[in-house]
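I would like to walk you through a few pieces of secondary structure, so please keep the structure open while I talk.

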Amino acid sequence: MSKGKELLKKHEDDMWRCSRCSLCKFPPLAQIKSAKFYSSCCSIDYGNFHPWSGGGKLVMGFSLLLDRVKDISENMRDAILQCTMCGACDVSCKYSTNIELEEAIFDLRQYMVETIGPHPVHKKYADAAEEFHNPYGEPHEKRQEWINNTSAKSNPEAKTMFFTGCTAAYRQQDMVKASVEILNILGFKFQLSKDEHCCGSPIYRTGQVETAKKYFNHAIELFNDAGIEEVITACPGCYAMFVAEYPKYLDEEHLKMWESITFVHMTKVIEQGIRQKKIQFKKLEKNPIVTYHDPCHLGRGAEPWVPEWKGTKKKVYNQITIFDPPKEYRRGGKGVYDLPRFILDKMKTALDFVEMFRIKEYAYCCGSGGGVKAAYPEMALQTVDNRLEEADHVLEEALEGKNLEKILVSACPFCKTNFENGLEASGRNIKYKDINQLVLEMMEK
Amino acid sequence: MSRVKKDDVISAMVGILGKKYVNGDLFLTDNYAYNWNADNLTGGESKFVYRPLCVVLPSNTEEIVKIVKYCNEKGVQFKAQSTGWGVHNSVGKEDGVIILDCRRMDKILSIDTKNMIAVVEPYISGAMLQVELFKHGLNCHIQGCGSNGSQLVTVTSMVGQGWTGISTGFSNRNIVGAEWVMPEGKVCKMGSWGSFPSAGSIDEKIDASQWFLADGPGPSIRGVYRGYFGAFGGLGVFTKAAIKLYDWTGPNKLEFQGTSPNYATIKYRMPKNSNIYHIIWEDWNDFKEAGYLLAHSEICWALCRIQGFDMALAAAPSNTAMYTEKLFQELASRGGHELMVTIMGSNKKEFEYREKLLEDIVQKTNGEHNPISAMKPLKALMFMAIVKQCNTMRGVFRAGGGFFTSLGALGSWDWCVEGAKIGEELKRKFIDSGGLVDDGADNVWGNPYEQGTFSHLEELYMYDITDPESRKASVDYLNSVVEASKKHPLGLGLGTVDGEGSEMHNIFGPIASNYHKWLKAIKLEFDPNTASDPGFYIDPASVKE
């Protein structure tokens, strides 16, 4: 059996188990709060045919494994890749089953890359990263230039490193500038490294796993060589890679290095600043209405890594398989959900907060992840408009006819780009703000 | 036989719907050949059955009419699906049928709170409708398979019973109107709605108050298009359905706390004036008597047989937890014949009266409250599972990945209990030989409806779908169920009909009033070209006279 087929074979039992119930298309049934905003899967919302769903992708893998479908056509490739890998299907499925749906979808993507190669656009990003250490093909020497316009400085003695991330460094400098301004206000001493490379996320998540692995080692060695004990980042893409994906692939030596580092997202830094009363917020007379979008990589994707289960499977009651010791599942509920809400709650003197219907581990994706924004921009725009429609719906309801500003807040540079593009395309009367920028703006200084 | 080439069919479909909504690629048609219970139709060999010729995504009735007319003209078959769950959504032959996947038809068209009627499109699930109805103090019947299923399908096309059958009736009873694209492409506006002059005009805004009666035009044709089991998608396409609604005395927003897989009502609180009870009878006769008395008493909001084993599976966060944690073990091993009763009162006095009457019936019939089920967290979880119909998958599918139903049909409560006894005996043999999950053998699920005038109990079973031996045991067990249904007067079992329709009808028709001849006549009359895929309904050419 080829290495590629082995990737599929791993999931054969789950391929049998899928009952095609479509729960992967909705939040868990008890969590559906609106008939209009009932979907959890932006892939099926775009493609509509069943293969675009989580279960449909599992079945696509089964068709390939059984040689019922021998070749991956361009349309099939699109059905595999028109998915942001947001993990919502996995959360819903695992409420009721023991199927590792997201892993199977990811391995199908890997199988596709190994069989027909990556999507040309995704390959372009990987090639650019190879040459410039960032997928945008920007000059590496300009990576940390953004700090020049801030009051923060890199401190080579610090045990903390601020990891900028490619998108923040080259495309969304405002949010990263706000982050380091906050760190500065809080008195953090941190390093910025000129040797920072891409964390590997855009390459990894498009199925180019073998190519991505070297970025994992590079980052870990960078932290280790600089004597870093804590890595702070404002980018959920990088954060999810550090806490959930890296340890799957690191060898023993690098894993040991990884274990000695604490990874922190900026929302944690802000929360601590608030608790220590170093951050206090203004009192406004006319509060804007705010809602919050959970980035997939800060939510479901940031649930910490669970080591591969090792033990004995045994059958009980004749035909029920159980795990000894019990298997631990990643079900998406342990991501970073409370921190941004804590921050927004503490800002209630400056804003009124309202939740959307699909939140936390059931949040609907913004549509930019998994290589979708790059290869399928029309899908990214459709998806972000779905999410904006939901935001607009709850903001309008909360307004009760008052003339106040409507703000959508999130905490991710990819979401920021896509929401800004979506707002421009739709002309909706909502402002997008990154949580770091909002905090800085509303902070009493 | 199709007289046209696949490419021509696809071109025609693209002409009706646009390129984005038509696909005949192998990877896609193969995907639509996969479904639950396909393994039982393939001798345990595969989860795939026949591939459709292509799949299309219509968004309205007009498009469906065009597709259906095209199929009649060109000798191509069609079959519609909504949420697409179950092998009956598959097609009856390879490469000759167009699947109409109706997922783009996902609107609640109207809710009439005064007359208690909702009009929905095919892709509205129980969960979607219910969440909107709660806001108005209303609820709907949801089929037992789960609230992920289509509301339209349960009333128009499939047999289906839910936990609340005692207070909400079952699938057949809850239709109060429908729009039906008949197999030749004519649109039948059924019942009262059809008599309004505006019905079906392009600009019509759907008004649920007009959809108060499903019978007619002329003599009722409700029995024709759906009847006892429904046509399983084999008799045209239903594009709109009006559904009967019921009072909901619970809160208008039922919110839960916790993260997956541990949800429960907030602080494990039941809504005001409500409670849930799991009551056990050691003797079948006492159980039977209690079922009648409870049904006649009109005190139950939900009344359903659920066995402790399934309850433990539905409550446990994993199979491993179900086996290793004391609470679930006690629940699973208690034995006896149980009924889950939910009481909801519109005020305190009503609730107290109902609870008192329940206790009276329990005492009279030698019942016993299951002390474990009285634990607050478990009670809250079961309440959530019943109201939202959200734990079916883990209650039965997660165990071995393989699940199906077998003996059991709709009839009198007495008759259902007799069937349950036969089912238990039959299944025990397959459990003893190790092929099926040992759920204690007596695992009937179902309930009395409508004050007990009508009932159903079906024998559930589970198996390890990843294990070829277990799959084989499932197939053998189902074959034995067919034999048992012939030997005993148990009617057309739910587990026997979800297969190749005509084959089963040829077996059961001659021993059940020759109903298959009636089905054949209906199919021929309404679908002379057999354009509507007969695979899971009835194929006139295969009916033995």
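This is a predicted model: local features need pLDDT of at least 70, side-chain atom pairs count only at pLDDT 80 or more; totals for chains, interfaces and linings use all residues.

Strand β20 (residues 444-449) and strand β21 (residues 454-464) of chain B pair in the antiparallel sense, and 6 bridges hold that pairing. If you look for the place where the two strands meet, B:Y449 has B:F454 as its bridge partner in β21(B). The two strands make a hairpin with 4 residues between them, and in that turn B:E450 has a positive phi of about 45°. As for burial, β20(B) is mostly covered, with 6 of its 6 residues buried.

Staying in chain B, there is also an open sheet of 4 strands, in which the order is β15-β16-β14-β17 and the pairing is antiparallel. Its edge strands are β15 (302-304) and β17 (368-369), each of which pairs on one side only. Strand β14 (residues 274-281) is joined to β17(B) by 2 bridges, again in the antiparallel sense, and within that pairing B:I279 has B:H369 as its bridge partner. Helix α14 (residues 348-364) of chain B lies across β14 and β16 (337-344), and the helix runs at about 165° to β16(B).

Chain A gives us a parallel case, namely an open sheet of 3 strands in the order β1-β2-β3. Here the edge strands are β1 (160-163) and β3 (262-265), each pairing on one side only, and neighbouring strands are turned by 25° against each other on average, if direction is ignored. Strand β2 (residues 230-233) of chain A runs parallel to β3(A) and is joined to that strand by 4 bridges; A:E230, for instance, has A:T262 as its bridge partner.

Let me finish with helix α8 (residues 120-132) of chain A. Its 13 residues, at 1.5 Å a residue, should span 18 Å, and the end C-alpha atoms are 18 Å apart, which agrees. Which residues of α8(A) are buried? They are A:H122, A:Y125, A:A129 and A:F132, and, seen down the axis of the helix, the buried residues fall within an arc of 110°, so they line one face.

Methods:
Residues are numbered from 1 along each chain as its sequence is written. Chains are lettered from A and ligands numbered from 1 in the order in which they are written. Two strands pair if DSSP finds at least two bridges between them. Axes are lines fitted to C-alpha atoms, for helices over the stretch in contact, and angles run from 0 to 180 degrees between N-to-C directions. The expected span of a helix is 1.5 Å times one less than its number of residues. A residue is buried if 20 or more other C-beta atoms lie within 10 Å of its own, exposed if 12 or fewer, and partly exposed in between; C-beta atoms are placed from the backbone. The arc is that of the directions from the helix axis to the C-beta atoms. Two residues are in contact if their C-beta atoms, placed from the backbone, lie within 7 Å.
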